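Here are my notes on this model. Please keep the coordinates open while reading.

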Amino acid sequence: IKQKALLFREKLIERMSGWGMDDEHLSVVSALTLGCKKELDDEIRDVYSIAGISHVLALSGMHVGIIWAVLGFLLRPIALIRGGKWVKWIVSTSLLWIFAFVVGLEASVIRAVVMCMLMELAKLAGAKPLSLNTLAIAAVLMLLYHSFYLFDVGFQLSFVAVASIVLFFPLFFKFFREKGRLVRFLGGIMCVSVAAQLGTAPLTMYYFSNFSAYFLLTNLVASVLVPVIIVGTFVMMLVSPFPLLLNWSVIPINKIVQILNDTARWVSELPHASFSIASVSSVEIVVFYVLLAFMLLYVRKGRRRLLVGGIGMLALLLMVHVGMVFPKTRRAEIVFYHIKNCPSIHLIESDGTSYVISGADAGVVEKLEKVASRFWKKENVKKPMLIRSETDGFEGCIEENIIVWHGRKIGLISDNRWRNKSVLQKLELDYLFLCKGFNQDVESLVPLFKINRVVLDASLSKYEVERFKKECQRLGLDFVDIASEGSQRIFL
């Protein structure tokens with residue numbers, strides 16, 4: 001079902017590409033409305049991330065909420081007739097699920113649609129629409145359907161953000177409740193943004209190793225412009241059969257997207273726009289959320305022991321953080337990354353110095369950095385040096401793509417240089433790293449090497465991976481498939 005949804009989304013994107021929008025603007029619009037981010041270039045991704053609005057490029061509850069609000073406004077007359085409220089619920093729910101299908105059934109979108117369904121039902125039953133109970137039911141339903149959503153970063157951030165809004169928004173918004181309409185509107189946007197950021201900041205720092213300093217400013221602008229872009233895009237879809245109307249509607253949307261991009265660029269260039277967080281542990285995350293719970297309960301109930309508990313959690317958080325950042329003994333390690341068309345071996349010394357040995361062309365370190373830079377920051381690993389042979393400072397040996405380092409022997413096999421070769425004595429290899437470019441059979445290497453484990457790189461095609469896996473099973477060789485099992489860290 002998901003595959004069909006993605007294919008349908010591709011057809012819509014092809015249709016949108018004929019609207020005459022600028023390439024950069026089209027990539028942002030397709031991300032905002034259809035959740036397709038593959039056309040976004042790295043520069044715009046970084047700008048949005050530093051500005052603190054990268055979440056708008058990933059479909060979430062905000063996008064579904066906008067569509068839900070528009071549907072609620074359009075379907076309001078139906079609710080006035082007898083039994084119309086149920087008809088309105090069925091129609092709006094059906095349309096929301098159609099939208100979820102169109103955008104590829106992403107976890108965050110499914111969560112938002114389920115939440116909207118439950119909130120409408122709560123309204124019909126006379127209960128509080130948005131509550132922790134509603135959120136919990138949505139989580140249980142999703143996990144019953146697919147339990148591995150629990151480990152999806154989008155799922156975690158989505159639920160934590162909504163829970164934080166439910167808990168903290170009323171506390172913040174009471175300062176704006178008696179103000180004028182405009183102040184209430186702007187205050188509401190800021191309160192939602194601060195509440196969501198308060199809940200998601202620890203997870204953001206843990207997974208992405210950075211924190212945006214000006215998120216309030218950019219979210220204020222995005223909260224006004226993004227709904228206009230989303231609604232405007234759907235209007236363009238409706239009028240696309242009429243070229244004149246389409247041309248008229250493209251012009252304002254192009255301008256609005258340009259304003260959003262320019263705002264993000266301006267904010268990202270401000271001093272100290274983003275703070276890089278070197279290392280945040282899972283223990284710190286747990287302690288932080290316990291601290292947050294103590295502070296929330298103290299504000300609501302005012303009991304002194306809750307304040308004492310919060311201060312204790314704060315002290316514990318500081319001690320844990322000091323313990324994490326304090327220099328400690330670490331082991332050298334070997335990393336095989338899950339990156340297409342970038343076969344490489346990352347050797348990391350105990351002091352954080354690192355080297356990359358690769359069977360790919362130039363630019364390997366840059367490719368690795370795009371994917372692994374957050375991992376390097378988190379583990380205090382220095383940017384690696386690409387080496388092809390013995391290099392000053394490298395305490396190892398490389399010859400014929402055979403690497404000897406810290407007592408481990410690794411064979412990087414990315415060509416057919418071992419074809420028709422013979423040896424007097426087999427060389428023992430701890431890891432035989434098979435990459436794109438090797439066109440022989442694994443069996444042809446058995447007379448040359450004593451192989452302890454075969455590592456199948458992500459650069460290999462699916463056909464090659466399956467062929468090599470069957471060979472390894474037949475030959476009794478231990479193997480690991482990077483494409484299916486993910487990146488591998490081997491501590492020495």
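The points below cover basis, cores, strands and a surface patch.

1. Basis. The model is predicted: local features need pLDDT of at least 70, side-chain atom pairs count only at pLDDT 80 or more, and totals for chains, interfaces and linings use all residues. Residues are numbered from 1 along each chain as its sequence is written, and side-chain values use heavy atoms, without hydrogens and water.

2. Cores. The largest nonpolar core has 64 residues. Tyr 48 and Leu 260 touch the most other members. Helix H7 (residues 107-124) gives the most to this core, 10 residues. Another core, of 22 residues, lies apart from it; Ala 332, Tyr 355, Ile 398 and Ile 490 are among its members. (A core joins buried Ala, Val, Leu, Ile, Met, Phe, Trp, Tyr and Cys through side-chain atoms within 4.5 Å; buried means under 20% relative accessible area, exposed over 50%, partly exposed in between, with a 1.4 Å probe and protein chains only. Helices, H or I, have at least four residues and strands, E, at least two, as DSSP runs numbered from the N terminus.)

3. Strands. E8 (residues 402-405) pairs antiparallel with E9 (residues 408-413) over 4 bridges; pairing needs at least two DSSP bridges. Ile 402 stands opposite Gly 411 in E9. Their hairpin has 2 residues between the strands, and His 406 takes a positive phi near 50°. E9 also runs parallel to E11 (residues 431-434), joined by 4 bridges. There, Ile 410 faces Tyr 431.

4. Surface. Which helix gives the most to the nonpolar patch? H4, with 3 residues. Val 70 lies in H4 and counts as partly exposed because its relative accessibility is 33%.
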